[in-house]
Amino acid sequence: MIVMNLKSKEKILEMLDGYNRIVLFGDSGCAQLCDVGGILQLEDMEDFLTKNGKEVLGSVFVEGGICDERALKKEIEEKRAIIDKADAFLVQACGVATQNLSEILPEKESFPATDSKFLGTMPERFYHKERCAMCGECILDLTAGICPIARCSKGILNGPCGGSMDGRCERDADTECVWQLIFDRLKKLDKLDNISRIWEIRDWRPAQSPRNIIHTPSE
Amino acid sequence: MHVLESNDFVVTSEIGPPRGADKTLVLERTRLVMDYCDAINITDNIRGIPSMSSATCAHFVLDAGAEPIMQMSTRDRNRISIQSELYSAYALGIRNILFITGDHTLLGSHPEAKTVYDIDSIQALGLASHLMGGTDLAGDKLEGTPEFFLGSTFNPYADPLELHVIRAEKKRDAGAKFFQTQAIFDTARLETFMDKAADLKLRVLAGITPLKGPIMANFMNKSVPGIKIPEEVIKRLEAAGRGLKGEKKREATRAEGLLIATEVIRAVRRIKGIHGVHLMGIDWEESIPEIVKSAGLYPRPEVR
C-alpha cells in the first residue's frame, strides 16, 4: 500500500486559509488502512475544521481508491450538490488522489491533507515498513525475496557496505542491514552464488519518472 | 614498479582536504607527512561534509612532490560525473584512485542532501577498469585513454564477515590492486578476515588511527560507521590522563593514543597478507611522523 501521514493541523489550516466551504475526500483503500482518510478520519477532520471556523459541506468517500478515476467520478456525480458549493477540497489520501481531483475538478483547488511516504507493508495497525521502491525491474528472484533497492539505505547492488555491523545499518541503529537479511536467507536456500558474482551497473531507465503503462489485455 | 607493489612494508597516510578554499592547507598537510609515507591518500567529502575536491587536492599533492591516492565516493556522483572526474584526474597526473561507496549523508553535516548512489564502489572499480580499455561506458572511443592503479577498502569489523570477504574478492576482480581497511584496534578480527581471504592474495594496508583521547574514541564508536574501538582501549586512554589536568592531561592521553597506534602497527605486521599500513590521523596529521618513527618505519625507502 501507499503509506502516508496526515500533515500537521497548522499546515492544513495554512493551506485552507481563505477558503471557507470545504469538501473532504477519503477512500477505503490505502487512505483508510493508513488511518488518514477512512470514515473516522473524515469525521475527525470535519470536527477540527468546524472548530476552526470552516464550514464542512460533507465528504466524498470512494470504495476502493481515489486513484480509480471511474469510481471517483461516480462518487463526485452523486455529491454534485456539495461539490458545486465548495470553495476547496481537502484530500485525505495520497498524492495520486489530489492530482486526480485537480484534473477532474480543475475549477477549484484540491489540497493534500497527507504526505505520501512510501510503498510498504503493515505488520499491524499504525505501523508501516517500506518494502518497494518501484524501480521498474524486480530483482527479488535473486535476492531471496528481500529488496536491497528499497531497504538498503544506499540502495547498492553489491552490498553490504562497510557500515553494516551486528545486522544493523550505519545510518541508524533502528534500521536492519538488508544485506545481512539477504545473506542469511540466500545461505539457507543454498543460493549464495546469486550475490557472489559482481552485479553489473544497472540500467535505471525503468525507474525514471514520469512513467505510463498501457496494458495489453490477454487474448 | 608501483610504490604500492613494493616488497617493503608500505606506509600511506591520509590527509583531510580543507573545508574551504585555502589551498595552502593542502600543501601544509602534505609537507607534514610526505617524508614519512610512500603515498598520500586524499579523502572525498568524508561523512558528507563538503571539502575541497579530492582531485584538486591530489593535484596539489603532486605539485608538492608526493604521490597522491585520490579517493572517490559514489555517494555524490552518478556514472556520468564519475567518468568525467576520472578523465580529469588522469589529465592532472593522478594515477591512484581508491573507490568507496561513501558514508551515508544522514551522518554528516548535510543530512538534507539527496544522495546519488547510482553505482556502488565495486561497480565504480569496474567502470574505471573499463575506461582503461579505451571506451566509455556507452562504448564510445575515448579521446585519450587513462591508466589507473585502482584500490578499494574493506572493513574487517563489518558483518556478515563471510560476505565481506566475498565483496573483497569482487573488488579484486573488478580491478582493485590494493586495499586499505577501516581503522584497526582489535587485531583478532583482522586476522580472521585475512585468514578467510588468504586465497584471494590481496594486497592490504591496515588502517591505523591514533586516538587523541577517550572522548574521540567514544565519538568514533558512536558516529563513524564501521568503527569498533574496544572498551580496553578506551580505558587505557582514560587511565593515562587520570589525576592530571589541562595540558599535562592532554599530553599524557595523546602519548597513550600514539603508543596504542604503534602497538597496533606492530601487531598487524605479524598478520599474513598485510603489506603495509594506512595512517589516518583524523584532524591530527601532526601525529603521523611520530607514529612512523616509533613504529620503526622511518626513514622511508627512496622512491623506487
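Predicted model: local features only at pLDDT ≥ 70, side-chain atom pairs only at ≥ 80, totals over all residues.
Figure 1. Because 10 of its 14 residues are buried, helix 5 of chain B is largely enclosed by the rest of the structure. Among these buried residues are B:Leu163, B:Val165 and B:Ile166, as well as B:Arg167, B:Lys170 and B:Lys171.

**Figure 2. Helix 5 of chain B from end to end.** This helix reaches 20 Å from its first C-alpha to its last, which is close to the 20 Å expected at 1.5 Å a residue for its 14 residues. Just after helix 5 of chain B comes B:Gly175, whose phi is positive, at about 130°.

**Figure 3. The side of chain B that touches chain A.** Here 30 residues of chain B are in contact with 23 residues of chain A. Helix 4 (121-131), strand 5 (149-154) and helix 5 (161-174) of chain B are the elements that give two or more residues to this side of chain B, and the largest share, six residues, comes from helix 5. By kind, the residues on this side of chain B divide into 14 nonpolar, eight polar and eight charged.

**Figure 4. Chain B as the setting for these views.** Chain B holds 10 helices and eight strands, and its radius of gyration of 19 Å is close to the 19 Å that the globule rule gives for 304 residues, so chain B is as compact as a globular protein of that length. Of the 304 residues of chain B, 50% count as buried.

Technical notes. Residues numbered from 1 in each chain as written. Chains lettered and ligands numbered in written order. Contact = placed C-beta atoms within 7 Å. Helix = DSSP H or I, 4+ residues; strand = E, 2+ residues; numbered from the N terminus. Nonpolar A, V, L, I, M, F, W, Y, C, P; charged D, E, K, R; others polar. Rg over C-alpha atoms; globule rule 2.2 N^0.38 Å. Buried ≥ 20, exposed ≤ 12 C-beta atoms within 10 Å, placed from the backbone. Expected span 1.5 Å × (residues − 1).
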